[in-house]
Every structure is written in C-alpha cells, then in structure tokens.
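Please read each point with the coordinates open.

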Amino acid sequence: VDAYDHYSPLRFCSADVAMMTRCLRETRAFGVPPDKISQLSTDTRTPPTRESILGLVRQVLSTRQDDEGIFFYFAGHGKAHRGKPYLVTQDTRPSDFADSAIAVEDLLASLRDATVPTRVFVLDSCHSGIHRDAGRQRGTGVDAFERTLTQLFLQDEGSVVFSSATLDEVARETILNGEGHGVFTHAFAESHPEQRRSADSGQLACVETLYTRARGLTLELSRSTQHPRLLYAAGDPIPLFPDIPDTAELVQRASGDFMSMTIEN
C-alpha cells in the first residue's frame, strides 16, 4: 500500500509487490503455482482496502486445491495498537483504528481452521513482529499477544510468519542499485536465488536457512536498526522448494537440528 486515505504515503510498496511476485514465479518458492498469484496494490484496479484484502484471502481459500498452501505478503504501514501489530490498509481510519485496520492475530486465526498444508505470511511493515524482549514485557499487552501466537502456531504445523521488524521497530525503505524497495523485502527476495542454487546442488534449503540469510542482510542494510522475526511450528524443517526431488530426505536428515518453535532475537 503506497497511497493512504488518512496516513502519509509510502514510496516503494507497489515495487515490493512486483519484486516478490517475480521472486515466487522464478524460484517456485514454497511451491506457489506461478499462475495462481493474485495481487492488490496501489497500482492495481482494485485498491488495497481492508475489505478487498480480506475478500481476496477468502477467495483464495475457496478456490485453492486441497494440496495447495497459502502465501500471504503485505507491504505497507504497520502500527502497534494495545500491544498487538496491525496492518494499515488504504482506508484505515485513525478514529476507528481497530475496526478499520487488519489485526495480524485475526488474520492468522482466520486461516487456522482451513485445511491448508502450509500457511506462509511475510509482513514488511513497521511493528509487525513480536517484541525483542518477548516474555519480559508483562502488563503491556505484549505478553497476551505472544501467548496467542504461541497457541496458534504450536498446534498448526506448516504455519510460518516472517516479520520485517519487532513490535517496537519501524521497517525502512531504501534505494539500492537505482531501485527502491523495503529493506526486508529486498533482503528476503534476494536470498531466494542463492537458496535455490543450494537446493539444486543437493544442499538443504528450508524456512530456517532462508530466514538466516534474509535476517543477516536486513541487519546489514538497516545498520542493525531492524530485526526480522520468524515464528513457526513444524515437526521437521519446512522445505523452501518442494518441487526439488529428494527434499524430503534432506529435511528428515536435518530434523534434529531445529526446534519445533523458533523466535529469534
């Protein structure tokens, strides 16, 4: 979302959507079918309002095949409200914020009961992740949010959230090689080709290896002012490129190296 009815504009979110779309189509990350990628942005005919975004989520859920997962990407303003992260849509109103923005918690919960094998959320917005001091921010509402996410994700294998910043941080935009993008989106997308080459050469490429690379590049580009977070639940590492043969064997061999739930500082 670049243009807002009630908030200051952003510069590169539409470019971020285009970059992420190219990334998914070229690398086949997370098994996303190239012909089933739907977009909403300031540049599309349908504006990225609260209802249009949630409506698209409902449409994707109702039309997908049983073996297809969900990949949700958002670039735009984010705001912490009462200790919880919200996504700010084009029509979000400051005077009626909780009812006109999208609560990350509600978005995740709306997909919990769906019979979806994998649910991947990538949020490039300010205040989109758990606090850096999660577990020690008692009495602020952060502890309640952390418990809610823990309950959601420990019970649902195959659910993953990449957030570009912690609950108390802003997500930055930058210009690199003449192109403007969100720092985290650039790092996330640029990490995919390297991961694909590793997978093609028989090395493990999974959610954890992608996150490690993207997080390191984000810290470098933001000069350690922006700390991405990863939250997931999985009995085994989640493969990044399920179309590559022998991925299951590599994952099985590596399964003892990863915890079932990861929250990185």
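1. Basis. This is a predicted model, in which local features need pLDDT of at least 70 and side-chain atom pairs count only at pLDDT 80 or more, while totals for chains, interfaces and linings use all residues. Residues are numbered from 1 along each chain as its sequence is written, and side-chain values use heavy atoms, with hydrogens and water left out.

2. Overall make-up. The protein chain contains eight helices and nine strands; these are DSSP runs numbered from the N terminus, with helices as H or I of at least four residues and strands as E of at least two. Of its 265 residues, 52% count as buried, where buried means under 20% relative accessible area, exposed over 50% and partly exposed in between (1.4 Å probe, protein chains only). The chain exposes about 12,400 Å², of which carbon and sulfur atoms supply 46%; the areas come from the Shrake-Rupley method with a 1.4 Å probe, and for residues only the protein chains shown count as cover. Among contacts (heavy atoms within 4.5 Å) with a separation of 6 or more, 73% are between residues 24 or more positions apart.

3. Strand β1. Six of the six residues of β1 are buried. In a regular strand the side chains alternate between the two faces of the sheet. Here both faces are covered: I70, F72 and F74 are buried on one side, and F71, Y73 and A75 on the other. β1 runs parallel to β5 (residues 119-124), to which six bridges join it; strands pair if DSSP finds at least two bridges between them. Within β5, L123 is the bridge partner of F74.

4. Helix α2. The 14 residues of α2 should span 20 Å at 1.5 Å a residue, and its end C-alpha atoms are 20 Å apart, which agrees; the expected span is 1.5 Å times one less than the number of residues. S52, I53, L54 and V57 are the buried residues of this helix. Their cover includes β1, β4 (102-103) and α4 (104-110).

5. Salt bridge across the chain. Eight salt bridges are found in a search of the whole structure, each defined as a side-chain nitrogen of Lys or Arg within 4 Å of a carboxyl oxygen of Asp or Glu. One of them joins the side chains of R11 and E173 at 3.8 Å, N to O. This pair links distant parts of the chain, with R11 in the segment before α1 (13-27) and E173 in strand β7 (residues 173-176), 162 residues apart. R11 counts as exposed because its relative accessibility is 53%, whereas E173, at 24%, counts as partly exposed.

6. Salt bridge between loops. K36 and E68 meet through their side chains at 2.8 Å, N to O. K36 lies in the loop between α1 and α2 (50-63) and E68 in the loop between α2 and β1 (70-75), so the pair ties together parts 32 residues apart in sequence.

7. Salt bridges at the helices. The side chains of E194 and R213 form a salt bridge of 3.5 Å, N to O. Since E194 belongs to helix α6 (residues 183-200) and R213 to helix α7 (residues 207-222), the pair ties together parts 19 residues apart in sequence. Both residues are partly exposed, E194 with a relative accessible area of 31% and R213 with 36%.
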